[in-house]
Each structure stands twice: as C-alpha cells, then as structure tokens.
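The sequence and coordinates are shown first.

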Amino acid sequence: MPLTLNQLERHLFRAADVLRGKMDASEFKEYIFGMLFLKRCSDVFQERYDEVVADQVARGESESQAREIANMKNWHRETFYVPEQSRWGFLLNEAHQNVGDYLNKALAGLEEHNASLEGVLEHIDFTKKVGASKLADRKLRELIVHFGTYRLRNEDFEFPDLLGAAYEYLIRDFADSAGKKGGEFYTPRPVVRMMVRLMKPQESHSVYDPCCGSGGMLILSKEYVEEQGHNPRLLGLYGQEAAGSVWSIAKMNMLLHGIPSADLRNEDTLGEPQHVEGGELMRFDRILTNPPFSIAYGPSDKESQKDWHPKFPERFRYGSVPLGAKKADLMFLQHMVSVLKTDGMMGTVMPHGVLFRGGDEKRIRAGMIQDDLIEAVIGLAPNLFYGTGIPAAILVLRAKGAKPAERKGKVLFINADREYYEGRAQNYLLPEHIEKIVHTFDHFADVPGFSAVVSNEQLAENDYNLNIRRYADNAPPPEPQDVRAHLKGGVPVKEIKARRPLFDAHGLDPMELFTARVTPRPDDDYVDFRPEFEAKANLRPAIEGNPGLTAKETALQQGFEGWWTEHGHSIAALANTLESNGSRLSQLREELLASFSAALEPVAILDPYSVRGIIAGFWDQTKNDFRALQARGALGVIDAWRTSITTALEDKQDKSNPLDHKLVAFLLADYVEELEQLQAKKAELDSQIKAAEATPEEDEEADVDEAAEDAPTEDELKAWKKERTRVNKQLKARTASFEAHLNEAVDALDEPAATELLLTILHDDMAAILARYTRAQRQEMIAAFETWWGKYQVTLADIESERDAAAAQLREFLGELGYV
C-alpha cells in the first residue's frame, strides 16, 4: 500500500509533537528537517545498495564481496552516498546513549561524503542546549524510532513528488507555529503563485531570488513551467539567503523536490552578492523575491560601519539610504534591477512605506520612475503574510527599455486590498482574487474602482508619490440614503437601476418584486414592495423561486454538466500515463481551464474571474489526486483515500470524523444511514431518561403534582434503559466494523468501477464549488432587497403614528389611575 500525502503529513506532525512544548518551533524545526532528510537519503541509498548487491551476487560474487562492492561511492553518483554511521539501520541499532552525538556524526558523515551538501547540515546540533538542558536521549531516541515507521523510497509514494509536497507542509506548519518568526523563511503560497504568474518564467529562463527563504519562489517557478507543458530541467534556478539555517532548509527543500541543480548561496545579498561570473554580477531573466521588511542597511553600530563596504557598489546607482537605517527595502530593489538581463523582469514584495516616504527613498524612487523601470504597483490585503498584519505591495519592474511599447512611460496601479478571504488568524488570496489581479496586469487594464494606468509625467507632478489609493481608489461608495423615501416610503428607482447589472446577471427582473407607487399619489421615481410581502422574511423565497433566476441558474448547471460530459473523460484518460506521457498532467490542466471558461462564461451569471477561479481552485484542491491517478490509476487514488481514512481512525488525537470523508458517503451510504439512525435513537433515549430522572428546581415544585401524572412509570424507565443498552451495544458493534466494511467495499472495485466512482466524486466536488459561488452571488442580491426593506419600509410617518398611538394609550392609562 503506497504512502499517502495525508499519512506523511500526519507522520511529520507527530514528529514535531515529540519536541513541541520542550522548545520553540523556530528552535527545533532544523531537527525535524534534518531527520527527514537523513532518513530519505538513507532509504534511497539502501535501495541502490541492495540493487548492486543482488546484481553482484548474480554475477558470481560472494555475499560479503558484493556488499563491499556496493559500498563503493561510484555506485551512488546519482544519489547521495551514505556512510555507515549515517545509515538508519545503524542509528536504530546503536544510538541508545548519547544519541545527540550519534545524530550529529550521522549528519556530518553525510555532508562529508557529498560535496553538494557542503555546509547544509553542519549547523544542526542535536547536543545544543535549549535553556538549561539539552534534549534527552529518550526524546531523540523517540524521534529515531518514529522516523523509522515509514520507508521513503520513490516506489513507496502515492505520487512522485510526495516528499516535496510533505516538506512544504512541514515548512508551512513551522511558519504557523513560529508566528512572527515564520515570516523570515516562508511566503504564503497563494502570494507566491500569483507572483510567478505575473512573471511567467519560461523553460530557458534563469530565475533568481536574492532573499530566497525556504525556496518557495523558485520551486513554484519550476512547477509553473511544468504546468505549461515545458521542460523544467531547462530552467536555471538561483537564490541567496543570509540566514544559514534558512539557507539549509532551502537546500533540503530543493533536493527533496528533485531539483539538485538549484544554485543557492549563503551570504548577505546587499553586502556580499554571491552569483558572480568573470568578475561581474550574473544577470537573470526573472527575479522573484520577498525581502525582509525594512531591515537595517548594513551594520547598525558606528564602529562596524567603518569597515563595511558592500561589493559592487555600482548596483546602487539611484542613491543610498544611511548605513544602519531600517530602510533597506529600496537597496534590495536596486540590487535586483542591477542584475536583470536587458529584457529581464522582476516582481518583489515591498512594504507600503517605500511608495511614498521622502528623503533618500524618494530620490531612489524618482530615478527609477524617470528611467521608466516601474511597470506595476499592486496593493495587497492586510494580514496576508507571516510576521506582520500590515498590507504589502507587489512591485513589478523591467530592465531599462524593456517595457512593451504600449506600456512605456506608464505605471499600472492595482488596488487589490479588498481581494481576500478572511481566515481566523490570517487572510488568504483565493484563486479568483489571483485571476482578477493577473488578468488586470496582463491586459494593463484601467478598471474603475480597481486599477488605473498613470503616466510617469503625472507621477512626477505628484512628487513621485506611488501611494496606490491616490490613483486607484477602491473604497466602496457610501450606502445611498433617500430622504424623501425615509419620510414618505417607497424604494427609489434609481437605487434599483444602480444594482441592475447584478440582477441581470442572475436573470432576475427586480421590478417583479415591486409595484407602482400610487399613494399618496402616483410617482414614477419610487416603487413599493408588492403587498404579499408582509415581512422581510418573505423576500428570500420569492427571489429564490423567481422563474427568471431559476432559468438562469438552470442554464449554468446545464453548461457545467455539458462541460463535464465532454471533458470528464480527459481526467479518466490521465490514469497510468506517468511513464508513457509525463506531460499529460499539464495538458489536462490547460484543457480544463480553457474549456471550463468557454462553457460557463457565456451564461454570464458569474464574472470571468470567478469562473476561472472555480476551475483554478478545483485544480489546486485536486492536483495531488491527479498526480496519484497518473502514477497509480483510479484504484490507486481510491486506495489512497482509504489509507487516509484508516490513518485518521488510528490517530487518537485526530478530531475529524472518518464518516465525513467523501469516499465513505459513496461506498457506504447504507451503513452510514444505519449508524445515524442508531445515534439518533440513542440520543432520543438519553434525552427521555435524563428528563425522567431530573430533580425539579425549587420554583418548579408547585408543578410537581401535575408533572407526576405524565411521568413515566418505573417499568417504562427500566424499559428505556434496557433499550438504550441494546442500542449502545449495537452502535459500538457497527462502529467497530467500519474499517472492515470500508475494506470490503474498496477491495470489491476493479479499475473501471474505481474510475466511475472517482469521476462521480470529482464531479460532485466541482459542482459543490460552483454552487457555493452561485449561492454567494444570490445572497448578494437578497441582501440588496433586504437592505431596501430595512431602510424604507418603515417611514417617518409610520414612526410618528406609532408614537402618537403609544402616547394616547399612555394618557388613557394614566387617566384611569387618576394622575391626569
């Protein structure tokens, strides 16, 4: 049974749990990364070692001679050579006392025998003191045993890049745990994905990240090229990172993603840029990065500043901020500009302050604008990044003279700070937000309330201020308030007309919910709600049952079903094509994206960004299932789902309900229904027994005699308890047999049946996403009508009439009491 992503993620989380609480996540993350990397290298080495031994024995060598031959480095050139002290079997058998020393020697041995790992593992010290003590042998031994649970060879994985995907999960989990410190090495992947799509790296390009953190920008650049159906091996990946421990994480990340050729260096980019050829800085086609926000430029103390001289000072041709000033942002930006090829392009995250601050930063900004380097300034939502809640901006620049002719002398401002999904602790970019931003940039479009194209001359007139809201103000207009309608009633027709595009998209004629206003006199500028709407609650069913609306939503559903009928088989055709056609996955992605938009955009219920967001979201959600389908067929996907369910069952700390898994709903519908009936019966009996045995409160004692007449007899209570015992026993027995039922159902499937089931589940997943988008827009319409009801249904005259009636009633009451 292959190792699934869900299994491996749980496995890594449990490994972190061994150390969690003993030290901060920022302190122990290197231990987990190092152990995972060591285990992977050991397992891959052992696989090759066993192959060589078997081959040599078959050639007539003795077992001992074969092992001696297999231990030679020449046999392990395509993987890492793992010396005896670094092999997992050795650690399991020998490392019982002074375990930290064994692990340090294992990492050192791995690094010593593999030149490409020079400096990568040396900083990981398992004997380092944390607080007053170092990690106990018991804890480290527990880690060794835990990591020995699964073998990490390629043949063991659900899909080829499983280990890379799990490593990304681990990095993200540590960023979550590390809070503010997480921002030092991890940029949220939706932001990275958007930046990569803005840059559009091609297979022959060199891509550079001068502040590469864990390497996400480079890895997603490689994935983008792959998704376009091109050869990612032709892509040159380069990065530099100042923090040694983070550089190490990035190196391991690249290796576990199968990108050994990435050229990552460890040094301060501003002081010591490392990518040099022939005495000059290398130039790159694309640069993507998220530099640390507003760190000090150079040393902070005066003494160290005397000896600090950044190499290649010609990089900073537009000016410099003072040494020690916490304004290094534009120094990073100048470095990037200086290493662009003549037709190069770059995208970087920056704090908003660089857009409008004066002094040295203004001079740098002015020089770049005058040289026509800045192509776009994109404002993002607040709280998207780890470590800061402030909003950030994406700056897109091109080398001098490299802008397309139609964009020369202009800058596109995109105000996307309202494009986000609000999470509990952090905000997120959803696929439709990315689509809207990228589409607007690609078309260099001037979209009212979202983007604006501004000339460099206008920027100069505004003193080179790049404040986004100054040019693209996306503040929503204030809710209109019609004084006449407040006084006399009626809904203003002009407000209805203003929302007409929303209603037209959904096929609703809003005037069907209104009637002409005839009192106190006819008035074409105002309408009243139809008289059958006696309360606001009547509006929703009337809108949802509107014939025009239902017809439009039916057309959308039919468009989706027609699209699925035509293209669903393309998903099935992906099965087992990894060896014969590795590019089939990228071809499928392009087919689904293009055809889905073509099928649903003409219906015009949802805007094009939402339509593309639906299919992009579905792809992101399902991509790993597609990888498993390509590697192992439909049965492989179903088997992986089964494994996820059984793994959750075994995990006592897991709070999820395995019955909620989509596979269970389809394979075990009758079983789940029976369980639900037993649970409902048990709850009913619990409630009856609890009510019968309850002791009355003091203020209820007066009703005791009356209640006693309806109370169950002792025999009835005994019967209920007996029945509850029977139901409990039956429920436990049925629950205990869940895994057996699941295995029986999955084992009964053949490949055609598994394919049909997989397509049905994926169809329903996508239909649910489409329904969610449609429901959200329908709710927006309903909210408009409910707002009009709340604003105008009760007039000032109504309020005054109620007031007068209440006052008259009060006077009458006071008169009866003799006070007036």
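## Strand E3 and its partner

Both faces of strand E3 (206-209) are covered: Ser206 and Tyr208 lie on one side, Val207 and Asp209 on the other, and all are buried. Buried denotes under 20% relative accessible area, exposed over 50% and partly exposed the range in between, with a 1.4 Å probe and protein chains only. The model is predicted, so local features require pLDDT of at least 70 and side-chain atom pairs count only at pLDDT 80 or more, while totals for chains, interfaces and linings use all residues. Residues are numbered from 1 along each chain as its sequence is written, and side-chain values use heavy atoms, with hydrogens and water left out.

E3 pairs with E4 in the parallel sense over four bridges; Asp209 stands opposite Gly239 in E4. Two strands are said to pair if DSSP finds at least two bridges between them. Strands (E, at least two residues) and helices (H or I, at least four) are DSSP runs numbered from the N terminus.

## The nine-stranded sheet

E3 and E4 belong to an open sheet of nine strands in the order E5-E4-E3-E8-E9-E11-E10-E12-E15, with mixed pairing. Strand E5 (263-266) and strand E15 (451-455) are at the edges, and each has a single partner strand, so one side of each lacks a neighbour in the sheet. On average, neighbouring strands are turned by 15° against each other, direction ignored.

Two helices pack on this sheet. H9 touches E3, strand E4 (236-241), E5 and strand E8 (284-289), and its direction makes about 155° with that of E3. Helix H14 (residues 431-442) touches E9, strand E10 (374-379), E11, strand E12 (410-415) and E15, and its direction makes about 165° with that of E12. Contact means heavy atoms within 4.5 Å. Axes are lines fitted to C-alpha atoms, for helices over the stretch in contact, and angles run from 0 to 180 degrees between N-to-C directions.

Strand E9 (residues 340-351) and strand E11 (residues 392-398) are antiparallel and pair over seven bridges. Met346 has Leu397 as its bridge partner in E11, and Met350 stands opposite Ala393. E10 also runs antiparallel to E11, joined by five bridges; here Ile374 has Leu397 as its bridge partner.

## Packing of H8 on H9

Helix H8 (residues 189-199) packs against helix H9 (residues 216-227) at an angle of about 55°, with the axes 9 Å apart. The two helices are therefore oblique to each other; angles under 35 degrees count as roughly parallel, over 145 as roughly antiparallel, 65 to 115 as roughly perpendicular and the rest as oblique.

The contact involves Arg189, Val192, Arg193, Met195, Val196 and Arg197 of H8 together with Gly216, Met217, Leu220, Ser221 and Tyr224 of H9. These residues divide into six nonpolar, two polar and three charged. Ala, Val, Leu, Ile, Met, Phe, Trp, Tyr, Cys and Pro count as nonpolar, Asp, Glu, Lys and Arg as charged, and the others, Gly among them, as polar.

## The three-stranded sheet

A further open sheet has three strands in the order E16-E18-E17, with antiparallel pairing. Its edge strands are E16 (491-492) and E17 (514-517), each pairing on one side only. E16 and strand E18 (residues 523-529) pair over two bridges, and Tyr526 of E18 is the bridge partner of Pro492.
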